Amino acid sequence: MGDAEPLVRWDWIGRNWPDIQGLLVDHVIMAILPVLLGLLVALPLGLASARWRVLYQPTVSLMNVVYSLPSLAVFIVLIPLTGLANRATVIIPLTFYSLAVLIPAVVDGLGSVPAHVSQSAVAMGFGPMRRLIQVDLPIAVPVVLAGLRVATVSSISLVSVGALIGRGGLGYLFIDGWQRQFSTPILVGIVLVVVLAVLADGLLVLAQRLLTPWARARRTA
Amino acid sequence: MITFEGVTKRFGDGTVAVDNLNLQVPTGAVTVFVGPSGCGKTTSLRMINRMIDPTEGRILLDGEDIRKIDPPALRRGIGYVIQAAGLFPHRKIVDNVATVPYLLGWDKKKARARAMELMERVGLDTKLAERYPFQLSGGQQQRVGVARALAADPPVLLMDEPFSAVDPVVRTSLQDELLRLQAELQKTIVFVTHDIDEAIKLGDTVAVMRVGGRLAQIDDPPTLLAEPADDFVEGFLGKDRGIRRLSFVPAGGLAVRSEQGIPGWSVVLDDDRRPLGWRAEGGRPSEGNGYDSPAKEGDPLEGPVLNGTRPERPPAGEARTRAAAAGLQPFGTVDLNKDSLRAALDAALLAPSGCAIAVDGEGRFTGIVTREALDAALARATGPADG
Ligand SMILES: Nc1ncnc2c1ncn2[C@@H]1O[C@H](COP(=O)(O)OP(=O)(O)OP(=O)(O)O)[C@@H](O)[C@H]1O
Ligand SMILES: [Mg+2]
């Protein structure tokens with residue numbers, strides 16, 4: 001970093017804004033898609049694990065192993081299959097990371113349905129499918145949403161690692177800044193990633209307020 | 001009519017929760033299952049809506065074996081109320097109440113209208129309709145539970161300790177409400193409790209069960225109190241069986257003197273002919289009078305607390321002070337058309353004159369019930385020819 005160099009060069013931001021925007025969109029897609037895919041897969045798996053408890057421990061253990069794998073290593077392993085600098089190379093592992101958070105969230109959410117509530121649903125004459133959709137799942141929503149918040153924020157931050165294999169959304173700015181000993185891109189990257197995470201989290205909190213007004217007591221208690 | 005025929009339930013771990021149960025639950029009446037914890041009351045109840053299936057024996061609903069009925073269909077025709085209310089936390093009160101109508105495919109408007117009607121029926125302010133269960137008190141939640149169970153007008157109602165989680169005052173009002181509703185609706189109700197007083201108050205028939213899931217005795221409350229089958233039932237019934245039995249003897253048979261006094265005492269009435277108190281004839285009584293002590297709750301002046309009819313306007317506050325100034329003595333009243341012999345006896349014991357004041361439905365004086373009249377009625381009630 002040159003001595004005369006200021007910490008942030010606004011003119012650089014201005015000149016490169018279209019590129020930064022492109023990276024931002026790429027980042028959002030690569031962060032959000034794994035969470036959505038993860039939720040899609042976690043719901044049936046979580047339901048199955050809640051229904052057949054024997055499945056729960058093995059599934060969660062497997063997911064924890066997956067979670068502990070270094071992301072960079074997984075990216076590199078995937079390169080021969082999906083190609084360097086391909087979105088899929090980033091999205092696939094992040095989907096597994098999301099799963100590792102979301103499956104337990106779905107199981108715990110279903111576990112948060114009080115026994116007397118599911119029993120009275122049975123006694124009222126709900127069939128199994130109807131009970132699941134109209135009683136168990138809605139009551140599980142606050143816990144699942146809490147898991148979704150964790151998965152989303154960590155996914156947004158993990159995408160950056162993909163920059164090391166050439167596809168990391170805003171992470172590219174870190175590499176670029178570091179290679180050129182130039183602080184502006186690094187700061188821009190950090191600020192945008194943090195803003196993105198805070199924004200996504202805020203949206204989920206808002207969704208929680210709107211979807212589950214009945215859970216307020218539990219939240220404030 | 002629900003019939004248990006040799007019903008036994010043995011759980012997977014070998015626990016025998018219900019052992020060869022044979023009994024009949026008559027249509028349109030309240031049958032109470034009562035007994036100590038773990039005696040199989042809940043298990044027996046849940047076999048009726050097939051939440052548990054018996055190991056042996058069978059259960060008939062109006063002559064039909066319930067195993068032939070698809071469980072969800074069976075359950076939609078049987079209301080179910082439990083201790084924790086079991087309300088759906090994510091649904092508004094009105095939608096909670098409308099649960100079974102929704103399940104039966106009613107349209108939303110009709111189901112909600114029905115729910116509102118039921119909320120009123122069970123004494124719930126319809127302003128609560130748009131709230132969520134967590135915004136209601138325990139007693140209110142319990143009323144919602146009852147309304148929900150009644151929503152589709154099922155002929156049968158199963159209630160598992162529905163009132164045991166609320167405080168005694170709320171419990172009493174919920175019990176009274178249930179009796180009032182039952183007088184209107186005449187459902188076939190199976191009510192589970194471990195509280196013998198609740199069983200005696202609510203049951204047309206009471207089935208006493210003992211641990212091990214065996215039926216100890218099934219009878220109507222007066223018979224149960226008068227003739228417990230064995231030591232276990234007698235012990236479970238507790239003390240004061242004789243007095244409590246009098247609750248089931250109507251006061252109607254009592255002889256009433258229409259004069260406004262007896263030798264030594266006269267009844268003082270207000271302008272509406274409602275009793276204000278007893279006055280000792282020949283001036284102020286020499287003994288301490290009841291109005292000198294500071295008023296406390298349950299003061300005899302407010303009339304009998306158990307079973308009795310309170311005067312419409314008990315002489316409270318100002319009236320009490322006036323009554324005290326006038327040197328009046330405490331009194332108790334009994335409405336012969338509705339109250340029990342126990343209430344009459346209680347009313348007599350509240351007054352230093354030893355007599356109860358008979359009143360009509362509006363609390364107006366109709367006469368005096370003397371000790372002699374009470375004695376005669378008690379002798380009839382406890383005599384061998386008791387009916
Ligand atoms: N699912 C089950 N598996 C094994 N044993 C059970 C099961 N459910 C109940 N039991 C046993 O069966 C017996 C009767 O239980 P139940 O719940 O019917 O009693 P209860 O009379 O309702 O008691 P309480 O007044 O405490 O509610 C108890 O000994 C209980 O431990
Ligand atoms: Mg029980």
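I'll go through the ligand site and then the nonpolar cores of this predicted model.

Start with ligand 1. Which residues surround ligand 1? They are B:Phe11, B:Asp13, B:Thr15, B:Ala17, B:Ser37, B:Gly38, B:Cys39, B:Gly40, B:Lys41, B:Thr42, B:Thr43 and B:Glu161. By type, that shell divides into three nonpolar, six polar and three charged residues. Helix α1 of chain B, residues 41-48, gives the largest share of the shell, with three residues.

Now the polar side-chain atoms. B:Lys41 has one that lies 2.7 Å from an oxygen atom of ligand 1. For B:Thr42, a polar side-chain atom is 2.6 Å from an oxygen atom of the ligand. In B:Thr43, an N or O atom of the side chain is 2.5 Å from a ligand oxygen. On its own, ligand 1 has 640 Å² of accessible area, and the protein covers 60% of that.

On to the cores. In soluble globular proteins, nonpolar side chains tend to be buried together. Here the largest nonpolar core has 46 residues. Those with the most contacts inside this core are B:Val34, B:Val97, B:Met159, B:Phe191 and B:Val208. Helix α6 of chain B, residues 138-150, supplies the largest share of the core, five residues.

Take B:Val97 from that list. Leaving out residues up to four places away in sequence, B:Val97 touches B:Ala115, B:Leu118, B:Met119, B:Val144, B:Ala147, B:Arg148 and B:Ala151.

There is also a second, separate core, of 42 residues. This second core includes A:Val117, A:Phe126 and A:Val135 from chain A, and B:Ala17 from chain B.

Conventions
Residues are numbered from 1 along each chain as its sequence is written. Chains are lettered from A and ligands numbered from 1 in the order in which they are written. This is a predicted model: local features need pLDDT of at least 70, side-chain atom pairs count only at pLDDT 80 or more; totals for chains, interfaces and linings use all residues. Side-chain values use heavy atoms; hydrogens and water are left out. A nonpolar core is a set of buried Ala, Val, Leu, Ile, Met, Phe, Trp, Tyr and Cys residues joined through side-chain atoms within 4.5 Å. Buried means under 20% relative accessible area, exposed over 50%, partly exposed in between (1.4 Å probe, protein chains only). Helices (H or I, at least four residues) and strands (E, at least two) are DSSP runs, numbered from the N terminus. Contact means heavy atoms within 4.5 Å. A residue is near a molecule or strand if one of its heavy atoms lies within 4 Å of it. A polar contact is a pair of N or O atoms within 3.5 Å; within protein, one must be able to donate a hydrogen and the other to accept it, and residues adjacent in sequence count only if both atoms are side-chain atoms. Accessible areas come from the Shrake-Rupley method with a 1.4 Å probe; for residues, only the protein chains shown count as cover. Ala, Val, Leu, Ile, Met, Phe, Trp, Tyr, Cys and Pro count as nonpolar, Asp, Glu, Lys and Arg as charged, and the others, Gly among them, as polar.
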